[in-house]
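Please keep the viewer open as you read.

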Amino acid sequence: SGATLAEAGLTSYFPHARLLFTPDGRLLAVMEEGELGVWKVDGLGKQARAHAPARAHFRDAAMHPSGRFLATAGGDGAVRLWHPETLREVKSFKW
């Protein structure tokens, strides 16, 4: 309908922040330079938070179409896979 259902009140000073939804629309992931956060869309309660490892700063993020993981690219040359609900690192690849 285009009606506003809720407002998150998120503020970002990072010009390349990313907003990513899980395919089922239950979670919203927000990637900023040094932090990754996940909110439950229903009620917008903060679910989990992760900081970029060893000051690696997040450069980009993408949600897998299955919603099973969230991928981030870091300034340290590593791509990390995160569990979207807990933001626990599942695997990392260093190039």
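## An enclosed strand

Strand 2 is largely enclosed by the rest of the structure, because five of its five residues are buried. This is a predicted model, so everything below is read from predicted coordinates.

Which residues of strand 2 lie on each side? L27, A29 and M31 are on one side, while L28 and V30 are on the other, and both faces are covered. In a regular strand, side chains alternate between the two faces of the sheet.

## Partners on either side

Strand 1 (residues 18-21) runs antiparallel to strand 2, and four bridges join the two. Within this pairing, L20 has A29 as its bridge partner. The hairpin of strand 1 and strand 2 has five residues between the strands, and G25 adopts a positive phi near 75° there.

Strand 2 also pairs with strand 3, again in the antiparallel sense, this time over five bridges. Here M31 stands opposite L36 of strand 3.

## The nonpolar core

How many residues does the largest nonpolar core have? It has 15, and L20, A29, L36, F58, L70, W82 and L87 are those with the most contacts inside it. Strand 2 (27-31), strand 3 (35-40), strand 4 (46-51) and strand 5 (58-63) are the elements that give two or more residues to this core. As a general background, nonpolar side chains in soluble globular proteins tend to be buried together.

Setting aside residues up to four places away in sequence, L87 touches L36, G37, V38, A48, R49, A50, L70 and W82.

## A buried threonine

T72 sits in strand 6 (residues 70-74). Is T72 buried or exposed? T72 is buried, because its relative accessible area is 2%, below the 20% cut-off.

The side chain of T72 makes a polar contact of 2.8 Å with the side chain of W82. Not counting residues up to four places away in sequence, T72 touches L36, F58, D60, A61, A78, V79, R80 and W82.

## A partly exposed serine

For S92, look to strand 8 (residues 89-94). S92 counts as partly exposed, because its relative accessibility is 40%. Leaving aside neighbours within four places in sequence, S92 is in contact with V79 and R80. Between S92 and A78, the C-alpha to C-alpha distance is 6.5 Å, and the two are 14 residues apart in sequence.

Methods. Residues are numbered from 1 along each chain as its sequence is written. This is a predicted model: local features need pLDDT of at least 70, side-chain atom pairs count only at pLDDT 80 or more; totals for chains, interfaces and linings use all residues. Side-chain values use heavy atoms; hydrogens and water are left out. Buried means under 20% relative accessible area, exposed over 50%, partly exposed in between (1.4 Å probe, protein chains only). A polar contact is a pair of N or O atoms within 3.5 Å; within protein, one must be able to donate a hydrogen and the other to accept it, and residues adjacent in sequence count only if both atoms are side-chain atoms. Contact means heavy atoms within 4.5 Å. A nonpolar core is a set of buried Ala, Val, Leu, Ile, Met, Phe, Trp, Tyr and Cys residues joined through side-chain atoms within 4.5 Å. Two strands pair if DSSP finds at least two bridges between them.
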